[in-house]
Amino acid sequence: MNCKELKNLISEAEDLAAIGQTPAAGTHLKTCADCRANLAFEEKVRQGFAAIACEAAPPDLAAKIMAIQAENIAPAEIQKGDPEADSWLDRLLLSLQSFPLKVAFTAGLIGFLSAVLMLRQPQTTPVREPTSLASGQQQETPLPAQDEELLLAKAKDKGLQIQPEISTVSGIPAGNEDENTGRDSMQMAMAPRQRHLESKSEAAIESYNEERIPGAITFTLDSSADTFVADREASAATLADQPAASEAEMQLAMAPAATSRFAAPPPDGEARPRLAASQVTSQGAAKKMKTMQSEAIDPSGEELRELIESSGIDLPEGFINLDELAMRGYLPSERLKHLRPASGNGWYLQKSGNKLRVFLKKR
Amino acid sequence: MKTTPEELWKDALHGDQSAWQQLYGLFGGSLYQFFLRNTRNVEMAADKTQEVFLRIFKSREAFSGGSLKSWIFRIARNLLIDEWRKSGHREVLSENLPEVADQSIPVEEEVINAIEHAQMKALIDECLELLDADSRMTVCLVYLAGLSIPELAEVMDMPLGTAKTRVRQARLKLDAMLCEKMQIKRVEQGL
């Protein structure tokens, strides 16, 4: 037997141990070092493959496959006796047995439910109502010309000097004193031009509210300086009205340290440093990001880093292939499921000196 | 006691749970590893293994005797090819493969003997990843799944001679890679 014949014999043999036992091959192997090396190599390769084949499959796989028989035998037997058993529900359940379909179905269901929940949430952002509606005023309709004349005549009788333009422009019943005395007197005191402007601005707000996108967040910045002055005056008046309060108590109550609300107002003409809502939000977000960056150490990333360090694997810097780690036996499949990041992301291994850092990164 | 897979199969179809369990014991692991080495995806490998068992059960009427192992791995191979096509893999398994020359660097017997079991396993794993898809599938079917050359010919639906050539060419590629890696290991370990 020559080297080529033995090589062919080795590559086609199912049992390598039997080759050495044949007299022709045995004699050749004793004298040829290359063929001995070749046989040893083949044995090692087959042992390596056998070791790979013996690697355990995920533990839950056996249970799933065992369930196939139980689930498929029963419908098959039922089908023989009852032809109606193959209903749409049975077929649907059967089609859902496949794992990816189950995942897709569950994801779809969760998505639908979360969408329903989001839509059912009440709108919590304050929506500024038009002043007329907010103050509870009723929409006024212009009176007919005859009624207007009657009312003007009545007013003249009472000695009020009212120009007819007022009622014509504003459309307010001048003599309706019984119902809205206070309101009417204020409205009467207003200049016609002012009323006209007010109604214009109300219309603008109304049109704005109509054009507003439903669900959009509206920010309203109030004039805090005015509020402050009004608040301070109101509280001072309230305190002064209380007879039991002494001068010392009042001073204590008015002290700037007592509450930040009573801080000195900015002098007139000086621009008070105020932040726009968007600035406040962006500053807050930046602060939050900084805090998150400094504090957030992903426990899963830490777990993965510890695993890499403890296993002594020399991984290159870059994205970590979890499947690869699992396949090589460094990562059990239960931990693989736990550590697998969301799609589009990946665990990134960064090396700085001897220190490893594992974090999530967008692929 | 039932010994052949075909007998176990018949019993499993009649509701024998232990026969089905034995069948899983015979083919489950090798099927999973076959898919795992060819897809490099743990979850997909598990899904495909499950799908093979589901398919053999559903299309039990299609099995008309012969080797159950060949039938099972034929289904597995078809599933894998379907998966490759879905993921935009090139047209797999061309009929005529170019002749491959033996490029393996001879390795001394003592170097081979010095390589540990686990090291060899890791080297094979690395080389399998580097192999082309056709060769990897062939090697996996023969050395991982344990198919004989006639069984491989049946699974791949090709003449016996072509199957032999495929195995030989795939092994030449794998051996060349393994020898190169073993030489590197030898230098690293100072053997």
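Start by selecting helix 2 and helix 4 of chain B: Phe27(B), Leu31(B), Phe34(B), Phe35(B), Asn38(B) and Thr39(B) of helix 2 meet Ile72(B), Ala76(B), Leu80(B) and Glu83(B) of helix 4. Two residues are in contact here if their C-beta atoms, placed from the backbone, lie within 7 Å. Helices (H or I, at least four residues) and strands (E, at least two) are DSSP runs, numbered from the N terminus. By class, this contact of helix 2 with helix 4 of chain B has seven nonpolar, two polar and one charged residues. Ala, Val, Leu, Ile, Met, Phe, Trp, Tyr, Cys and Pro count as nonpolar, Asp, Glu, Lys and Arg as charged, and the others, Gly among them, as polar.

This is a predicted model, in which local features need pLDDT of at least 70 and side-chain atom pairs count only at pLDDT 80 or more, while totals for chains, interfaces and linings use all residues. Residues are numbered from 1 along each chain as its sequence is written, and chains are lettered from A and ligands numbered from 1 in the order in which they are written.

**Stop 1: helix 2 against helix 4, chain B**

The axes of helix 2 and helix 4 (residues 68–86) of chain B come within 11 Å and cross at roughly 25 degrees. Axes are lines fitted to C-alpha atoms, for helices over the stretch in contact, and angles run from 0 to 180 degrees between N-to-C directions. Helix 2 and helix 4 of chain B are therefore roughly parallel to each other; angles under 35 degrees count as roughly parallel, over 145 as roughly antiparallel, 65 to 115 as roughly perpendicular and the rest as oblique. Helix 2 of chain B passes helix 4 of chain B in a right-handed crossing. A crossing is left-handed if the near helix is turned anticlockwise from the far one by less than a right angle, and right-handed if clockwise.

**Stop 2: helix 1 against helix 2, chain B**

Next, select helix 1 (residues 5–13) of chain B, which packs with helix 2 of chain B at an angle of about 140 degrees, with the axes 8 Å apart. That angle makes helix 1 of chain B oblique to helix 2 of chain B. The crossing of helix 1 past helix 2 of chain B is left-handed. To see the contact, show Pro5(B), Leu8(B), Trp9(B), Asp11(B) and Ala12(B) of helix 1, then Ala19(B), Trp20(B), Gln22(B), Leu23(B) and Leu26(B) of helix 2. Eight of the residues of this contact between helix 1 and helix 2 of chain B are nonpolar, one is polar and one is charged.

**Stop 3: Ile56(B)**

Move to Ile56(B), which lies in helix 3 of chain B. Is Ile56(B) buried or exposed? Ile56(B) is buried, because 21 other C-beta atoms are within 10 Å; the cut-offs are 20 or more other C-beta atoms within 10 Å for buried, 12 or fewer for exposed, and partly exposed in between, with C-beta atoms placed from the backbone. Leaving aside neighbours within four places in sequence, Ile56(B) is in contact with Ile72(B) and Ile75(B). Draw a distance from Ile56(B) to Ile72(B): 7.1 Å, C-alpha to C-alpha, across 16 residues of sequence.

**Stop 4**

Zoom out to the whole of chain B, with its nine helices and zero strands. Of its 191 residues, 41% count as buried in chain B. Among contacts in chain B between residues at least 6 apart in sequence, 64% join residues at least 24 apart.

Now show both chains: 43 residues of chain B are in contact with 41 residues of chain A. On the chain B side, helix 2 (17–39), helix 3 (42–58), helix 5 (109–114), helix 6 (117–130), helix 7 (133–144) and helix 9 (160–189) each supply at least two residues. That side of chain B divides into 20 nonpolar, 13 polar and 10 charged residues.

**Stop 5: the sheet of chain A**

Switch to chain A, whose secondary structure comes to 18 helices and three strands. Of the 363 residues of chain A, 9% count as buried.

Select the strands: they form an open sheet of three, in the order 1-2-3, with antiparallel pairing. Two strands pair if DSSP finds at least two bridges between them. Strand 1 (318–319) and strand 3 (355–362) of chain A are the edge strands, each pairing on one side only. Two bridges join strand 1 to strand 2 (residues 345–352) of chain A, and Phe319(A) stands opposite Tyr348(A) in strand 2 of chain A.

How many bridges join strand 2 of chain A to strand 3 of chain A? Eight bridges join strand 2 and strand 3 of chain A, and Gln350(A) stands opposite Arg357(A) in strand 3 of chain A. End at the hairpin of strand 2 and strand 3 of chain A, with two residues between the strands, where Gly353(A) takes a positive phi near 70 degrees.
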